[in-house]
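Hi,

Here is the structure I promised to pass on. Have a look at it first, and my notes on side-chain contacts follow below.

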Amino acid sequence: MNKPKPSPYAVPDFMRVISAKFPCHCADTGRRILRGESVYYDPALKRVFCPRSDMARMYESKQEARSVSAYVDAQETAYFDNFARNL
């Protein structure tokens, strides 16, 4: 029973980076994951992804975009707060 490949537009909002406690396979690539390797775990769907999988890469880029967005928002807020004080 093969599970369908996850949609590239349905990247999970939260995944944990954990150490594999037992040998398993990546849900995206099917690559074998050995005990002790770092993996991405999706707790909502209970799936594991290897760091080289597309899903892990998309999750990382989504997290980076959030972090950059938060940084830009904080900088803009600080700029306009400073500007308002100096009027």
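A search of the whole structure turns up one salt bridge, meaning a side-chain nitrogen of Lys or Arg within 4 Å of a carboxyl oxygen of Asp or Glu. The partners are Arg31 and Glu37, whose closest N and O atoms are 3.6 Å apart. Arg31 is partly exposed at 27% relative accessibility, and Glu37 is partly exposed at 23% (buried is under 20% relative accessible area, exposed over 50%, partly exposed in between, with a 1.4 Å probe and protein chains only).

Before going on, a word on the source: this is a predicted model, where local features need pLDDT of at least 70 and side-chain atom pairs count only at pLDDT 80 or more, while totals for chains, interfaces and linings use all residues. Residues are numbered from 1 along each chain as its sequence is written, and side-chain values use heavy atoms, leaving out hydrogens and water.

Now the aromatics. Rings of Phe, Tyr and Trp (its six-membered ring) pair if their centres lie within 6.5 Å; planes under 30 degrees apart are stacked, over 60 edge-to-face, and the rest tilted. That rule gives three aromatic pairs. Tyr40 and Tyr59 have ring centres 6.3 Å apart and planes at 70°, so they pair edge-to-face. Tyr40 sits in strand β4 (residues 38–42) and Tyr59 in helix α1 (residues 54–85), so this pair ties together parts 19 residues apart in sequence. Helices (H or I, at least four residues) and strands (E, at least two) are DSSP runs numbered from the N terminus. Both Tyr40 and Tyr59 are buried.

Tyr79 and Phe83 are stacked, at 6.5 Å centre to centre with 15° between the planes. Tyr79 is exposed at 53% relative accessibility, whereas Phe83 is partly exposed at 46%.

Best wishes
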